[in-house]
Amino acid sequence: QVQLVESGGGLGQPGGSLRLSCAASGSIFSINDMGWYRQPPGKQRELVALITKVGTTNYADSVKGRFTISRDNTKNTVYLQMNSLTPEDTAVYYCNANIRRSAWNSNNYWGQGTQVTVSS
């Protein structure tokens with residue numbers, strides 16, 4: 001069994017910063033891509049940022065230059081540093097990871113979500 005546990009959400013000030021973490025645990029052979037998605041109120045879930053196993057990153061246009069995704073492969077953890085927050089960043093943020101439990105297959109796993117609210 002595999003679990004993704006997120007932490008670090010909460011209330012942020014406009015122009016401020018928050019940092020999200022997501023740790024994978026359980027029966028893990030290796031982890032491929034890891035990423036963050038978000039679902040604003042009343043909207044569909046959208047990609048925020050992705051990072052490959054070797055550190056190649058990809059960002060949504062709306063967060064480029066403000067958010068930074070990183071990972072620590074020794075800890076099976078992915079991070080999202082969010083700077084210059086705006087109210088439009090308010091959403092439930094979900095961690096996603098493509099995880100191999102053996103050498104022969106992989107599956108996508110989701111965290112439970114963490115609320116980020118940007119408000120003065």
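Two strands pair if DSSP finds at least two bridges between them. Helices (H or I, at least four residues) and strands (E, at least two) are DSSP runs, numbered from the N terminus. This is a predicted model, in which local features need pLDDT of at least 70, side-chain atom pairs count only at pLDDT 80 or more, and totals for chains, interfaces and linings use all residues. Residues are numbered from 1 along each chain as its sequence is written, and side-chain values use heavy atoms, with hydrogens and water left out.

**Strands E9 and E10**

Strand E9 covers residues 91-100. Five bridges join E9 to E10, and the two run antiparallel. A hairpin of five residues connects them. Within this pairing, Asn-98 has Asn-108 of E10 as its bridge partner.

**Trp-110 and the aromatic pair**

Rings of Phe, Tyr and Trp (its six-membered ring) pair if their centres lie within 6.5 Å; planes under 30 degrees apart count as stacked, over 60 as edge-to-face and the rest as tilted. The ring centres of Tyr-37 and Trp-110 are 5.0 Å apart and their planes stand at 65°, so the pair is edge-to-face. Tyr-37 belongs to strand E4 (residues 30-39) and Trp-110 to strand E10 (residues 106-110), so the pair ties together parts that are 73 residues apart in sequence.

How accessible is Trp-110? Its relative accessible area is 40%, which makes Trp-110 partly exposed. The classes are buried (under 20% relative accessible area), exposed (over 50%) and partly exposed (in between), with a 1.4 Å probe and protein chains only.

Charges also sit over rings here. The rule asks for NZ of Lys or CZ of Arg within 6 Å of the ring centre and within 35 degrees of the ring normal. Arg-45 lies over the face of Trp-110, 4.6 Å from the ring centre. Arg-19 lies over the face of Tyr-79, at 4.2 Å from the ring centre.

Arg-38 is found in strand E4. Arg-38 has a relative accessible area of 4% and is buried. Beyond residues up to four places away in sequence, Arg-38 touches residues including Arg-45, Val-48, Phe-67 and Tyr-93 (contact means heavy atoms within 4.5 Å).

A salt bridge is a side-chain nitrogen of Lys or Arg within 4 Å of a carboxyl oxygen of Asp or Glu. The count is four salt bridges. Among them are these:

| Salt bridge | N to O distance |
|---|---|
| Arg-38 and Glu-46 | 2.8 Å |
| Arg-38 and Asp-89 | 3.0 Å |
| Asp-89 and Arg-66 | 2.8 Å |

Which parts of the chain does the Asp-89 and Arg-66 bridge link? Asp-89 is in the loop between E8 and E9, and Arg-66 in the loop between strand E6 (57-59) and strand E7 (67-72), 23 residues apart. Asp-89 counts as buried at 1% relative accessibility. Arg-66 is buried too, with a relative accessible area of 16%. Salt bridges that share partners join Arg-38, Glu-46, Arg-66 and Asp-89 into one network.

Glu-46 is partly exposed, with a relative accessible area of 30%. Arg-38 and Asp-89 are both buried.
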